[in-house]
Amino acid sequence: MEIPFLTSIVIFLPALGALVVALQNNVSSIRWTALGTTLVTFVLSLGLWWGYDPAASAAAPQMVDLSSSWFPDSLDIKYFVGIDGLNIFLILLTTLLGPIVVASSWTYIEKQHRGYYALFLLLQTGITGVFASFDLILFYIFFELTLIPMYFIIGIWGGEDRIYAAIKFVLYTLVGSLLMLVAILFLGYEAGNAVNQGVFTTDWFKLLDYTIPVATQSWLFILFALSFAIKVPLFPLHTWLPDAHVQAPTGGSVILAGVLLKMGTYGLVRFCLPLFPNAAQDWALLFAVLSVIGIIYGALVARVQPDAKKLVAYSSVSHLGFVVLGIFAFTDIAMQGAVIQMVNHGISTGALFLIVGMLYERRHTRLMEDYGGLATSVPVLTSFMIFSVLASAGLPGLNGFVGEFMILLGTFKSEVIASPLIVGLATTGVILAAVYLLYMVYSTFFGELTNDANATMPDMNARELALMLPLAILMFVMGFFPTPFLKQMEPSTTFIMETIQERRADALELQRMQEGMEEGRAVRVTPAPPESGSTSEATPPTTLPE
Amino acid sequence: MSHDLLVRLILLLPLAGAVLLGVLPLFMPALRRREGLIGTIGTSVVVIPFAIATYLFVSYGGDPVTVSYFTWMEAAELSVDFAYRIDELSLIMTLIVTGVGGVIHLYSAGYMHGDPGFWRFFAYLNLFIFAMLNLVLANNLVVLFLGWEGVGLCSYLLIGFWYTDLKNSAAANKAFIVNRIGDFAFLMAMFLIFSELGSLSFDVLLTDAASVLSAETIDYIVLLLFIGATGKSAQIPLFVWLPDAMAGPTPVSALIHAATMVTSGLYLLARMSPIVLETEVVMMIIAVVGALTAIMAATIAITQNDIKKVLAYSTVSQLGYMFMAAGVGAFFVAIFHVLTHAFFKACLFLGSGSVIHSMEHVEHDLEHEGEDVSDFDPQDMRTMGNLQEYMPSTGWTYFIATLAISGIPLLAGFFSKDEILFKAFEYGYDGNTYAMFVWVVGVITAALTAFYMTRSYYLTFMGEERWPLADKIHPHESSWKMTVPLWILAGGSLVTGFLGLPAVIKDGKWNWIHHYLGANYGGPVAEASVSAHVPGSLEWGLIGLSSAIAVGVFFFARSMYLSQGIAFDVSLKERLGGLYELWEHKYRWDDFYDNVVVEALINQISRDGLAPFDSKIVDGAVNGLAGATQESSSLLRRIQTGVVQNYALALVFGVVLVIGLMIFGG
Amino acid sequence: MEVALNWYLGLSAILFSIGTLGVLLKRNAIVLLMSVELMLNAVNLTLVALSQSMGDADGQLLVFFTIAVAAAEAAVGLAIVIAIFRRKLTVDITEINLFKF
């Protein structure tokens with residue numbers, strides 16, 4: 001059975017749920033509405049998976065909802081959402097984490113329930129929209145839409161320093177995305193003039209038709225990449241992350257680590273690499289070095305954190321370093337590894353945050369020294385913790401290994417990075433992951449129970465079990481049977497890699513032609529894009545008429 | 001029956017056992033006390049695979065059989081299957097793992113009786129068997145790595161099994177992390193192999209690699225694999241985790257840290273032997289590291305008083321022997337020693353477990369008598385003595401295994417160790433000088449081995465009874481669940497040596513293990529070819545020399561420790577002075593790691609360096625930017641006097657300025 | 001005798017300047033408001049004069065708007081001044097600096 005507008009329904013159903021939640025007063029019915037909405041959304045999103053056929057078309061997204069009447073005709077800005085191999089699992093991860101986060105907030109949130117669940121549902125719409133968008137302006141709108149609910153979620157339901165963390169989070173990421181907006185506008189006009197009869201366009205496929213001159217690519221790439229690097233976050237732009245994570249309520253942390261950060265890496269794969277392939281390759285080494293620094297640095301800093309949540313937060317810096325490294329390796333294996341690692345990291349780090357949140361809910365402290373010996377009092381919780389830790393540390397047979405292995409293997413073969421040293425340093429992250437994660441288990445769960453509050457701590461209840469089980473099962477399934485997932489995404493990653501190759505060659509060809517012309521007739525200037533008022537400040541002064 | 005199904009059963013039964021025993025009792029606490037049920041399930045899921053492996057062994061036709069179940073990872077040119085390989089090498093290893101493993105499972109049912117974590121213990125043990133079988137049966141490096149890390153995980157879980165004592169958990173962490181350092185090298189080796197060869201399957205690796213890869217690449221690959229092996233098989237410089245790993249329950253020490261897991265580094269080298277043989281220089285490194293590890297650990301073992309620590313260092317030393325064999329190109333001998341060592345060392349460990357078990361009862365009785373037992377250590381040989389009288393089965397089996405490891409003629413250890421020494425000598429005789437060095441070290445180590453093992457037996461089982469109230473409190477022999485495994489393993493220590501009779505007998509035709517494994521006879525394990533053969537008379541001489549050393553040292557140590565007891569240690573210490581102290585402090589390896597690596601990395605760099613750097617510099621830059629914005633605006637806001645007239649004045653000036661510019665500016 | 005347009009414009013400029021200076025220099029809020037009225041009336045004078053000289057009634061029309069706005073402004077302004085006076089007992093605008101940083 002084909003459901004019409006399924007993609008849009010999956011995106012906007014949570015927003016509708018937010019509206020319904022906002023109109024209610026009863027706490028219990030608010031919770032159930034939120035849970036019901038997210039569950040229905042998840043079930044519907046399974047329909048996306050069901051309907052997506054990787055064999056059908058490598059390039060074009062499927063289950064597309066397209067509407068060009070959204071903006072006036074003078075601007076070619078479309079409502080263009082669809083499913084392909086890159087976003088299908090990120091969308092599924094988002095919809096899966098939806099009910100899990102609602103369930104995890106069930107008793108954790110103690111005030112202003114209505115606002116929390118409404119904002120959370122709105123956030124889900126924003127994130128799903130980011131992943132599904134094939135139009136840059138639409139992408140940007142969803143990208144910014146995620147900021148507002150997250151700001152309130154951290155700022156209202158967070159810890160002691162929540163206001164500081166919330167403002168830092170919003171300002172930091174806003175700086176990046178505003179720079180990206182400038183780049184989007186410029187790109188839209190340029191592409192419009194070049195391939196769309198002078199009509200401003202941000203349609204991804206039309207942008208791919210436009211061969212961007214190498215020089216232009218480089219600063220457009222910087223603006224885009226800066227925005228995404230902040231979101232990932234890449235060293236040294238990561239410091240908003242520990243603050244935001246530590247202060248955010250559990251549900252917020254899970255969403256933040258699970259999917260919000262992936263918007264950065266996803267943006268790199270979807271937009272930065274195919275649109276600006278030459279610049280991306282020129283800058284690849286810098287990004288590889290930064291991500292390796294992030295891997296090691298994040299791990300070492302994580303090891304000495306006294307705060308369990310901060311430890312997990314820094315582990316995200318380390319783990320996402322792998323993803324960025326894989327993206328900038330420019331090999332098929334590493335790219336697929338990076339995409340699947342985004343999903344894997346969402347699952348395992350989401351699980352770690354959930355467990356730390358459960359501990360916090362019981363004892364209202366995040367300091368590891370306040371715990372110790374919990375394995376005796378809460379064996380089930382301990383088992384889930386160790387399982388998640390192992391998945392996160394990349395134990396073969398669990399999900400973390402597949403992504404890391406493919407990323408490192410692919411990067412080792414990479415001709416762009418071409419440095420065994422970088423891979424070697426990145427691989428030490430595997431050792432360090434064990435160091436800090438096992439230390440957390442060691443100081444939190446092992447040893448003797450010395451504190452009464454720890455000794456009488458209740459073990460996981462049915463609700464907590466229900467929200468951890470799907471994640472644990474996924475860790476196992478994606479560790480042993482990643483092939484179905486890889487097969488689904490393969491056509492799209494291959495398409496991205498091919499596009500990069502072609503567009504890179506085109507841009508180089510264009511550059512050669514221009515150089516040839518300049519040598520031939522020194523007077524003639526670059527065939528600069530025809531007059532366009534808004535871009536005049538970007539035009540080099542040499543092209544001004546004398 | 002088809003191999004497909006049989007291998008599936010071999011692998012999945014232990015896994016099923018692990019899941020069943022690990023998950024059900026976790027959620028149903030009532031099941032946790034059903035020790036009989038848990039023990040039966042746990043043991044049978046290992047014994048049945050042993051039976052299947054025996055069937056496979058008997059029906060093995062001589063050609064390797066590979067089975068492939070499903071694709072694990074596939075992307076572009078990468079394709080990794082869950083593929084398994086049955087050949088002579090994997091069959092022998094499977095038999096050791098399931099056979100010795102099954103015996104130890106049975107023993108554990110007795111040893112762990114009454115422990116609240118009984119169910120967990122069997123779940124972990126089953127999981128270990130599953131991982132270990134993956135390791136030895138794998139047909140590609142990635143599945144091997146799955147097993148490799150899997151056994152590391154189980155080792156971690158089992159060392160830290162009694163987690164309420166943080167010391168145990170710290171030892172577990174240490175084991176896992178040190179192993180991970182080796183795994184890092186393993187991963188790098190895989191990356192290098194894949195980027196050069198485009199495949200990680202043994203089908204490609206063992207046939208093409210030697211001819212396709214450049215010599216330099218092979219050097220790097222083998223070196224990286226060897227570093228990986230030093231982690232798992234406890235060689236210099238990564239051996240430090242193994243002595244600490246004795247914090248785990250004793251059956252774990254026997255199974256994981258003596259018989260199976262620690263030999264996986266050897267298995268890896270033997271599996272990769274066609275490639276390893278291609279690199280002279282790394283072979284030398286392997287042999288020399290093995291030799292140094294062997295003698296170093298043996299000297300440390302002399303000074304230890306904890307019965308399990310003696311055995312732990314002895315294991316490190318014996319593993320060094322195996323690497324010596326690998327380093328002189330005699331991989332099948334290394335596997336032979338893996339086999340014999342599995343029996344006598346497991347027997348020794350289980351014997352020590354039986355001793356510890358009954359010494360714990362002594363401790364319990366002492367407590368009952370109102371004695372202060374806070375200083376009583378049931379593992380300390382200084383509080384034992386004359387246990388042979390109370391625990392005859394344990395005593396006799398320990399004695400047999402002691403003779404075997406000491407290299408007393410006609411026992412298992414004699415044949416395998418002698419073969420290693422002979423191969424080293426032969427290789428050296430052929431012109432490789434380093435092999436001669438290895439041989440000399442090996443002979444000295446053999447003498448040391450005989451010494452410390454004899455010491456351990458006589459301090460524990462003979463002499464005077466040294467625990468408090470010895471006339472009132474007596475230890476007891478352990479139950480049949482523990483003694484039957486001891487006798488099985490002791491039997492193995494007696495006879496397995498005959499599987500590899502030396503070359504002087506019937507021109508090596510009776511060396512079954514050589515014929516079975518050796519590439520010269522169609523097996524999977526390559527060996528170095530030697531042009532200058534050692535004459536038979538010289539070989540007899542060598543055999544005589546090592547026999548004489550073993551027997552001589554045994555009787556010397558016997559008479560010393562029988563007559564003087566622990567007092568002989570003191571006189572030894574006086575005689576050797578600083579050297580003995582160095583041994584006692586384990587050559588200060590742990591100090592080095594604790595103070596230099598851990599202290600520097602965790603405390604100096606991370607805690608005092610990076611963490612402040614992160615909050616002060618990196619975050620400080622961000623907050624500084626915010627601060628600077630705030631500062632500059634608070635300066636600028638002073639313009640806002642709040643007096644309307646000032647604003648109006650500014651307005652007028654502005655208007656005048658604009659008009660002026662329009663008029664005069666042109 | 002016909003008065004020349006420039007005379008009107010000159011007078012208007014003088015009145016406007018006086019008004020501007022009054023706004024800028026005086027401290028009394030009431031005087032300030034009166035100065036504003038003066039400026040408005042200067043503009044009115046310009047409008048009327050130019051309207052007359054150009055023969056276009058639009059300018060005079062606009063003056064009515066200005067007068068109406070001036071009246072409204074005076075009413076609101078005086079109301080605010082009275083409100084402030086009740087609170088702070090002064091109409092000195094240097095004392096009234098609610099907008100100060």
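How many of the 24 residues of helix 13 of chain B are buried? The answer is 17, so this helix is largely enclosed by the rest of the structure. Here a residue is buried if 20 or more other C-beta atoms, placed from the backbone, lie within 10 Å of its own, exposed if 12 or fewer, and partly exposed in between.

## About the model

This is a predicted model: local features need pLDDT of at least 70, side-chain atom pairs count only at pLDDT 80 or more, and totals for chains, interfaces and linings use all residues. Residues are numbered from 1 along each chain as its sequence is written, while chains are lettered from A and ligands numbered from 1 in the order in which they are written.

## Helix 13 of chain B

Let's stay with that helix for a moment. Helix 13 of chain B covers residues 280-303. Helices (H or I, at least four residues) and strands (E, at least two) are DSSP runs, numbered from the N terminus. The expected span of a helix is 1.5 Å times one less than its number of residues.

## How the chains meet

Two residues are in contact if their C-beta atoms, placed from the backbone, lie within 7 Å. There are 2 pairs of chains in contact, and chains A and B share the most contacts. Chain A and chain C are joined by no contact, and their closest C-alpha atoms lie 23 Å apart.

Between chains B and C, the contact takes 11 residues from chain B and 10 residues from chain C. The side of chain B that touches chain C has 5 nonpolar, 4 polar and 2 charged residues. Ala, Val, Leu, Ile, Met, Phe, Trp, Tyr, Cys and Pro count as nonpolar, Asp, Glu, Lys and Arg as charged, and the others, Gly among them, as polar.

## Backbone details worth a look

Start with the cis peptide bonds. In chain A, the bond from Val232(A) to Pro233(A) is cis, with omega near -5°; Pro233(A) sits in the loop between helix 9 (214-231) and helix 10 (240-247). In chain B, the bond from Ile236(B) to Pro237(B) is cis, with omega near 5°, and Pro237(B) belongs to the loop between helix 8 (215-232) and helix 9 (241-244).

Ala234(B) is also in the loop between helix 8 and helix 9 of chain B. Although not a glycine, Ala234(B) has a positive phi of about 55°. With 31 other C-beta atoms within 10 Å, Ala234(B) is buried. Gln197(A), not a glycine either, has a positive phi of about 50°. Its loop runs between helix 7 (162-195) and strand 4 (200-201) of chain A, and Gln197(A) counts as exposed because it has 9 C-beta neighbours inside 10 Å.
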